[in-house]
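The following note is intended for a colleague who is meeting this structure for the first time. Please read the numbered points alongside the sequence and the model.

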Amino acid sequence: MRPSRPLASALIAIQVALAGCSSARPQITSPGQVDEIKQNNAVTLEMRDGSYVQGKFRGTTRVGPTAYGEEYESRRYGASGEALLPRLGTVEILADESSVVHGTLVGFDVLELEVLQPNSRRVTRLAYDRVRAITDSDGAQFEGKLIAEMANSGSIPSLYQIELDSDGGHRLLEARTVRAVHWDKGGENGGTFVVAALIVAVVALVASSGDVAPTPSPTYSCPYIYSWDGSDWALEAEVFGGSLVAAGQRTDTTGLRRARAADGELLLRVRNELNETQYVDSLRAYAVDHAPGVLVVPAEDGTPVALATPRAPIRARTLDGQNVNGLVSYRDESTWTSHPGMARRTDSDPVRDGVIVDFERPAHSSTVQLALRLRNTAWGAYLQGHVNTLLGADPEAWYQFMESSPAARDRWKSAALREAMLRVQVQTSAGWRTVNHVWEVGPTVMRDRGLQIDLDGVAGDTLRLKLDATAGLWEIDAIEADFAAAAITQITELELLDVREADGRDLTAALLLEDGERFEMPPFEGDAIARFAAPPLREGRERSFLLSASGYYRIHTYGQGAPRLDLLGRLMDEPGAFGRYVGNLWNKASVALLSSTDPGGELW
């Protein structure tokens with residue numbers, strides 16, 4: 001059988017990625033390119049002083065901002081006191097093709113410098129051969145060519161250290177002191193690109209395998225929210241994910257990072273683009289005014305969490321020890337994607353996957369604000385439809401039972417929280433303490449989630465966090481922390497002026513309050529625009545918009561025969577059962593994908 005175009009594209013991507021990892025050959029790598037080296041690979045570091053250091057590669061560690069700032073400042077001046085390097089902080093960079101980059105200079109690595117873009121919290125990485133000149137906050141200008149020469153000679157402190165286990169023990173070596181890294185490139189494949197491509201391919205395969213009735217989309221989620229960005233509609237979020245019955249509908253708050261108010265109005269759009277019936281009960285928008293440069297993200301309960309000086313982790317590893325610091329440090333779409341296969345788990349809980357991150361903790365800090373940028377994988381979204389098939393050919397009786405039974409809804413919610421949602425834990429002197437869970441956010445667009453954590457019982461100058469869930473369900477772009485709460489000057493609920501469907505029908509009364517009067521959107525239908533009044537912004541302030549949406553949705557996938565209630569009960573009540581079940585589903589599907597044969601056998 002000829003594969004579909006999406007499946008064929010994913011297969012080609014996997015083949016290309018695997019081909020690059022297939023042969024074993026000696027490699028010589030710049031110390032600025034060590035992320036491609038697998039953990040525990042034997043390496044030899046050629047040092048700038050002519051010596052060699054051998055050992056097992058353990059990854060890279062980012063230097064804390066305080067330590068880096070002090071080291072950088074000590075090396076910024078020449079022997080006669082003249083400034084050789086720009087001051088960290090606000091800069092203007094003249095790049096190639098006469099383009100100008102404005103932002104906050106974070107620091108330097110072996111091959112590039114990092115600049116934090118104003119307002120967006122995204123990091124721009126510029127290779128030295130692209131930098132023509134840098135002007136710092138003192139007005140001093142520095143030639144890019146001279147900065148490149150200093151970086152190439154190892155004269156500029158590096159943001160990263162190389163971790164090595166050698167005969168002399170565990171070592172941290174500043175990247176600038178290493179001339180080259182010699183290593184053997186083995187045949188094991190890895191990398192988040194391969195994981196993401198394989199997820200897309202397996203979802204396409206299982207969606208067409210007969211386990212689920214064919215639909216135009218193999219994944220399931222929730223209503224799409226768009227904002228007007230001044231020139232076009234920009235997708236912001238999928239809201240109230242995992243809310244499957246009216247009696248248990250959710251209120252979900254999302255940031256509107258692309259929204260731009262114009263002529264005193266904020267325009268939002270809600271659409272149904274999936275094989276679901278979606279029921280929207282209310283839409284409420286808020287303006288959060290704050291100092292310039294503050295990052296505002298909503299917590300699970302909708303409370304705004306503000307970060308004035310977000311910092312990246314100094315260290316990030318998966319539960320089985322792989323270095324992912326470069327994947328979760330910044331909002332750059334370079335993500336860590338959880339692998340669904342159980343066979344790769346080597347920790348004590350083989351069905352869960354996650355990351356452990358360390359932050360440099362300032363002295364006397366008692367709380368921390370976190371900003372997580374993440375989304376669900378396509379595999380996680382597909383599983384919603386797959387589980388729905390376990391309800392059999394006629395799931396209506398189950399839905400009616402869920403509507404009428406608070407105990408049944410609590411049972412389902414507890415299981416979903418335990419198995420599928422992203423658990424956030426902090427390490428204390430007494431062990432790991434769970435502080436919250438991140439509820440489903442959908443697979444289509446990255447979402448921001450904020451948390452405020454009390455550091456009572458957390459000792460030392462390092463904050464360690466663990467984020468984990470059933471393997472294969474989450475993708476993380478950035479984890480940021482701020483230990484000093486930023487001030488929010490004002491939070492204003494915006495007046496809902498009107499909501500109109502594409503055909504002109506007025507929905508304002510239905511969506512004004514969370515009162516059970518809902519806007520029903522049939523599968524692949526439903527399109528409405530909401531107008532909110534946006535008051536003037538005070539001079540010297542910036543504004544972030546939030547939206548709270550309430551409702552639920554019904555997935556239209558159907559199984560065969562009677563519902564598998566015994567299996568459903570086990571998946572809900574037995575910790576880890578869901579992870580083992582979907583891991584078997586993944587393993588069976590991926591074997592079929594890569595071998596073009598069905599391995600057969602039962603999933604459970």
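1. Eight aromatic pairs are found when the whole structure is searched. The structure is a predicted model, and this applies to every point below.

2. One of the pairs is formed by W379 and W586. Their arrangement is edge-to-face, with 5.2 Å centre to centre and 80 degrees between the planes. This pair links distant parts of the chain, as the two residues are 207 residues apart. W379 belongs to helix α6 (residues 378–389), and W586 belongs to helix α11 (residues 577–595).

3. Are these two tryptophans buried or exposed? W379 has a relative accessible area of 0% and is therefore buried. W586 has a relative accessibility of 2%, so W586 also counts as buried, given that the term covers values under 20%.

4. Two further features involve aromatic rings. Y68, Y72, F108 and Y128 form one aromatic cluster. At Y399, the charged end of R554 sits over the ring, 3.8 Å from its centre.

5. The model also holds an open sheet of five strands, in the order β20-β22-β27-β24-β25, with antiparallel pairing.

6. How is β20 joined to strand β22? Four bridges connect β20 with β22 (residues 352–360), and these strands run antiparallel. For R315, the bridge partner in β22 is D358.

Key. Residues are numbered from 1 along each chain as its sequence is written. This is a predicted model: local features need pLDDT of at least 70, side-chain atom pairs count only at pLDDT 80 or more; totals for chains, interfaces and linings use all residues. Side-chain values use heavy atoms; hydrogens and water are left out. Two strands pair if DSSP finds at least two bridges between them. Rings of Phe, Tyr and Trp (its six-membered ring) pair if their centres lie within 6.5 Å; planes under 30 degrees apart count as stacked, over 60 as edge-to-face and the rest as tilted. Buried means under 20% relative accessible area, exposed over 50%, partly exposed in between (1.4 Å probe, protein chains only). A charge sits over a ring if NZ of Lys or CZ of Arg is within 6 Å of the ring centre and within 35 degrees of the ring normal.
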